[in-house]
Amino acid sequence: MENLASGKEENEAENIYRTLVEELPLPVALYTGREMRVSQVNKALLKVWGKDSSVIGKTFSEALPEMEGQPFAQILDEVYTSGIAYHAKEDKVDLVIDGQLQTFYFTFTYKPLKDQSGKVWGILNTATDVTELVLTRKGLSQAEEGMHFALDAAKLGTWDLDLLTNESSLDERCRELFGFTAEESGNYELLSMKVAAEDREKFRKSVIEALNPDGQGHYDVIFRTSSGENNPRWLRSLGRAYFNDKKIAYRFAGTIQDISRDIEAAKEQQKFLMLVENSSDLIGVTDLAGNVTYLNKAGQELVGLKSPAEYKRPSSDYLVAEDLSELQESINTAIFTKGRWTGEMRYRNFETGELIPCQLNAFVINDPETKEIIGMASVTRDLRFDRARNMEQQKLISLVENSADLMSILEPNGINSYINKAGRDLLGFENEEQALQMPISELHSPEDFELVKREVLPSLARDGRWAGKMMVKHLKTGEIFPVYNSSVRIDDPITGETLAVGAFMRDMRAEVAAQKAQAESEKLFRSITTAAPTALWLADENLSFTFVNQMWIDWTGEPLEKHLNKGWLDMIFKEDRQLVTDKLTTDFNARKAHESQFRLSTPDGEVRYVICTGNPQYHDNGSFSGYIGACVDITELNQLQRQKDEFIGIASHELKTPVTSIKAYAQVLESMFRNSGDEKKADMVKKMDLQINRLTNLIGDLLDVTKIQTGKLQLNDSDFDFNEMVRELIEDLQRTTKRHTIIEKYGETGVIYADRERIGQVITNLISNAIKYSPNAEKIVVTTSVEGNEIKLCVEDFGIGIPQDKRDKVFEQFYRVSGDKQHTFPGLGLGLYISSEIIRREGGRIWVNSQEGTGSKFCFSLPRDRR
Ligand code: ADP
C-alpha cells in the first residue's frame with residue numbers, strides 16, 4: 001500500500017480503487033495487524049453483516065461479537081500466522097440481522113497480504129452469499145428424494161399388448177406383481193389365470209369392455225391375485241385400448257399398481273365407521289351449507305327418525321330455534337377461533353316432539369391436504385340419563401351432608417376436599433373454606449398425629465382400610481377427645497392408583513362417659529354386694545353361676561372361680577345336694593321363684609344352715625337372662641328355734657302336773673260345797689274348774705306341738721261310726737254358745753278306721769274356731785259326706801273370713817290373726833297346725849275356702865279304708 005500511496009496520481013488511483021471496492025456487489029473486507037482490525041469493508045459486506053461503517057477501526061471480534069463461538073476469528077488468526085489462504089465453500093454462518101439470529105451460507109476466502117519480506121500484515125476477505133443457492137438445492141434434493149420414494153412405494157408396473165401380433169411385454173415390476181416366475185412368459189391367458197378365481201370373471205369382463213370398438217377404450221379394474229391366499233394382494237390396473245381407423249384394437253397398454261395397503265386402510269376406515277355408527281353418543285356431520293349429511297344410529301333413534309334417508313335435512317331442524325339464536329354468537333366465535341364449541345342444547349324428537357337436553361361437542365372438519373374447512377361434525381350426549389343420575393347423586397350427597405357423623409374425603413396431599421356439616425361442627429371449623437384448607441395434621445395433637453402417621457396411614461396403604469379409636473382436637477376449644485374412625489382407601493378402578501381416602505368419624509365422648517358411668521355403677525354394685533350381710537348369686541340363662549359375692553366366698557372359704565358354673569354345688573352338704581339341685585332345676589325350667597334350705601360346710605368344719613332364694617330375670621326385650629338370688633344364714637335362727645321348742649316342751653310338761661292336781665282339788669272342793677248345800681260356793685268352784693279346763697287344753701296343745709316336733713305324736717286307730725262321733729261332739733259344743741245354732745247335715749259316712757280322739761280334737765277345733773271367728777253370725781253348718789274313697793267333713797261359718805294371702809298360713813305353727821284382732825280373739829295359733837298334722841298323719845287332706853268379711857269353710861277328708 002505504501003508503494004501505491006505516493007503522489008497525487010497515486011492518491012487518485014487509491015480513491016478510484018476504494019470507490020470500486022465500496023460499490024462492488026461482492027462483499028469485501030480488509031483486516032490489518034495481528035488484532036484483525038477492520039480497516040476497510042464495502043457496502044455489500046456491511047449489508048451481509050447487518051452493520052454500518054462504525055465497525056471500521058474495530059477488531060474483528062469487537063465488530064462482530066455474535067461470531068463468538070463460531071470458528072472465524074480462529075481461522076483468521078491461523079491464516080495470519082501461517083500465511084496460507086483459507087477457502088470455504090458454502091460454509092454456514094449465523095448472523096444477527098434485524099435483531100434476529102439467521103443462518104446464511106457463504107463461499108468465502110481469507111487471503112493473507114504480505115510485504116516484500118513475506119511478512120503478513122493483513123487479510124483480504126472476499127465472500128459470496130450462497131444462502132439461496134444452498135437452500136434451493138437442499139429443497140430440490142428433498143423433492144427428488146420424495147418422488148423417488150413415491151414411485152418406489154407405488155410399485156407401478158407397466159404392460160403392453162400388441163393385439164395384432166399377440167405379443168405382450170410386461171416390465172419387471174408388472175411380472176413381480178402378478179407373481180410370474182422367471183421362466184413364465186406373460187401372455188394374456190396366463191395373466192388372467194394369475195387373477196384370483198373369484199375376481200377372474202370381473203377381470204375378463206373389463207378387458208372385453210375396454211376392447212369394445214364402440215366404447216372409450218378405458219380400462220380400470222381392481223382384483224386380487226391368486227398367490228398368497230390368506231393375505232391376498234390387491235392390484236389395480238389402469239389402461240387404454242388403441243383403435244385404428246377401422247375401429248380395430250391394435251394395442252392395449254397400461255400400468256399396474258399394488259393397492260393392498262389402500263384396501264387395508266379402507267378396512268380400517270370401515271372399522272371406524274362401524275364404531276361411529278354404533279356409538280351410544282349421537283354423532284353427526286353437516287356440510288358447509290348446514291345440511292346434515294350423516295347421522296349415526298343413536299342419533300336417528302334420539303331424534304325419532306324411522307329411516308336413515310330422513311336425516312338429510314338442515315341441522316336447524318333438529319334444534320330449538322331459541323337455543324340457536326341464544327347461542328349462535330358464542331358458537332360462531334368458538335368455531336372460528338378454536339375450531340370447536342362445547343355446550344348444552346336441546347334436540348327435538350320428531351316423533352314425540354319431546355325436547356331432549358343434550359351436551360353438544362361440535363368441531364370443524366378440515367381437508368387433511370388443503371386444510372380447508374369442508375364441514376362440521378358433532379358428538380352429542382343425551383343428558384336425561386345424566387340428569388337422573390345427578391339427582392341420585394344429589395340425594396346421596398344430601399344424605400352424607402345431613403349425616404349425624406363426620407364424613408369426609410381426604411386427598412393424597414393431606415387436605416380434605418370434602419367434609420360434611422356434622423364433621424365441620426364436630427371439629428369446630430368456622431366455615432367450609434376453612435375446612436377445605438386445613439391439613440389433617442392440624443386436627444390432632446402432635447403426639448396423636450404421630451400415631452396416625454405410624455398406624456393409620458400405613459394400614460390404609462397396605463390393607464386399603466383402617467378402623468379404630470383415635471383422638472382428635474377441636475379447633476376452637478382445643479379439647480382433645482376420642483372418636484371412632486373408619487377409613488377406606490378409594491382407588492381408581494382402572495389404573496389402581498390411589499385417588500383419595502373416605503373417612504367416617506363418630507364422636508365417642510358420650511359413649512366413653514356412659515362406659516365410665518357404667519364402670520362406676522358396677523363398682524358401686526360390687527361394694528354394696530360385698531358389704532351385704534347376705535350372700536348373693538347370679539346365674540345365666542343356662543343356670544351357670546356367673547357371680548357370687550364376698551359373703552358366700554367367706555362362708556365357704558373358697559375363691560370366686562371355684563363357685564362359677566356349677567362349682568357352687570360342691571359346697572353343699574352331700575345329703576342336701578341332690579334335693580337342692582332338683583328343686584333349683586325344676587324352678588329354673590318353670591322360671592319360678594326358687595327357695596331352698598340346705599347346709600354348707602364351713603372352712604372351720606362347722607355346719608352352716610342357709611336359706612336361699614332366687615328370682616328369674618329378663619332382658620329389656622323380654623327374653624330370659626338368668627336368675628338373681630340371695631342366701632341368708634339361718635344357723636343361729638335354727639338354734640334359737642330349737643331352744644324355744646325345747647323350752648315349750650319342758651314348760652308345758654312342768655305345767656301339766658300342778659294343773660292336774662289343781663283340777664283334782666277343785667273337783668273335790670266342788671262336791672264338798674254341794675254336799676254341804678253351799679250352792680253359791682259350789683258354782684264358783686265349778687267356774688274355776690272350767691277355766692282350769694281351758695288351761696289344760698292350752699297345755700295340751702303345747703304338749704301336742706312338742707310331740708309333733710319330736711315325732712312322738714301317737715295315733716291309736718280303731719273302727720268307729722263317724723257321724724255318731726260328730727253328733728256327740730256337736731251336742732257338747734252347742735252348749736258352749738248361746739248365739740249360734742249348729743246345723744248338722746250328714747251324709748252316709750259309715751264306719752271309719754282312725755284315731756277317734758284325735759279326729760274329734762280336729763273337729764272340735766274347727767267348730768270352736770267357727771264359733772270364735774263369727775261373733776255376729778247365728779249359724780254354723782257342719783256337713784259330712786262321702787266322695788269317692790274319702791269321707792269329707794266341712795265346717796262353714798259366716799264370720800270374719802280370712803284374707804286371700806293368709807289362707808295357706810293358717811295351718812302353720814303359731815300363725816295368728818294379725819293386728820288389733822289379735823286381742824279380740826284369744827288363742828295360741830296352734831289348733832290348725834296340730835289339726836293339719838293329725839289329718840296328714842291319718843293320710844288325709846285339710847284345706848280352707850274363705851272370703852274376708854263373708855265367712856270361711858274349713859274341710860278335711862280321710863281315706864275310707866285305710867286298713
Ligand atoms: P287360734 O284360733 O288359737 O288363733 P288356730 O290355729 O286355730 O289358732 O287358728 C289360726 C288362725 O287362723 C287364727 O288365729 C285365725 O286368724 C284363723 N282362723 C281359724 N279359723 C278361722 C275361722 N273360722 N274364721 C276366720 N279365721 C280363722
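Student: Between which two strands is the loop that holds Glu-497?
Tutor: This is a predicted model, in which local features need pLDDT of at least 70 and side-chain atom pairs count only at pLDDT 80 or more, whereas totals for chains, interfaces and linings use all residues. Residues are numbered from 1 along each chain as its sequence is written, and side-chain values use heavy atoms, with hydrogens and water left out. Strands (E, at least two residues) and helices (H or I, at least four) are DSSP runs, numbered from the N terminus. The loop of Glu-497 lies between strand E19 (480-491) and strand E20 (498-507).

Student: Is Glu-497 buried, partly exposed or exposed?
Tutor: Buried means under 20% relative accessible area and exposed means over 50%, with partly exposed in between (1.4 Å probe, protein chains only). The relative accessible area of Glu-497 is 49%, so the class is partly exposed.

Student: Which residues does Glu-497 touch, not counting those up to four places away in sequence?
Tutor: Contact means heavy atoms within 4.5 Å. With residues up to four places away in sequence set aside, Glu-497 touches Ile-490, Asp-491 and Asp-492.

Student: What is the phi of Lys-247?
Tutor: Most residues other than glycine have a negative phi. Lys-247 is in the loop between strand E9 (234-243) and strand E10 (249-258), and at 49% relative accessibility it counts as partly exposed. Lys-247 is not a glycine, yet its phi is positive, at about 60°.

Student: Leu-543 also has a positive phi; is Leu-543 buried or exposed?
Tutor: Leu-543, a residue other than glycine, has a phi near 65°. The loop of Leu-543 runs between strand E21 (535-539) and strand E22 (545-548). Its relative accessibility is 10%, so Leu-543 counts as buried.

Student: How far apart in space are Val-221 and Asn-675?
Tutor: Val-221 is in strand E8 (residues 218-224) and is buried at 4% relative accessibility. Among the residues that Val-221 touches are Lys-202, Phe-203 and Leu-235. Asn-675 is 454 residues from Val-221 in sequence, and the C-alpha to C-alpha distance is 177 Å.

Student: What radius of gyration does the whole protein have?
Tutor: The C-alpha trace spans about 220 × 90 × 65 Å along its principal axes. The radius of gyration is taken over C-alpha atoms, and the globule rule is 2.2 Å times the number of residues to the power 0.38. A compact globule of 867 residues would come near 29 Å, but the protein has 67 Å.

Student: What share of the 867 residues is buried?
Tutor: The secondary structure comes to 25 helices and 32 strands. Of contacts with a separation of 6 or more, 48% join residues 24 or more positions apart. Buried residues make up 36%.

Student: What distance separates the end C-alpha atoms of helix H20?
Tutor: Helix H20 covers residues 635-675. The expected span of a helix is 1.5 Å times one less than its number of residues. For the 41 residues of H20 that rule gives 60 Å, and the distance in the model agrees, at 60 Å.

Student: Which elements are included in what covers the buried residues of H20?
Tutor: An α-helix has 3.6 residues a turn, so residues three or four places apart point the same way. The buried residues of H20 include Asp-645, Ile-648, Gly-649 and Ser-652. Their cover includes strand E24 (607-618) and helix H21 (679-709).

Student: Which residues is Asp-689 in contact with, leaving aside neighbours within four places in sequence?
Tutor: Asp-689 is in helix H21. At 6% relative accessibility, this residue counts as buried. Outside its sequence neighbours within four places, Asp-689 is in contact with Lys-663 and Gln-667.

Student: How far is Gln-300 from Ile-283 in space?
Tutor: Gln-300 is in helix H10 (residues 297-302) and is buried, with a relative accessible area of 10%. Beyond residues up to four places away in sequence, Gln-300 touches Leu-295, Leu-305, Pro-308 and Tyr-311. Ile-283 is 17 residues from Gln-300 in sequence, and C-alpha to C-alpha the distance is 9.5 Å.
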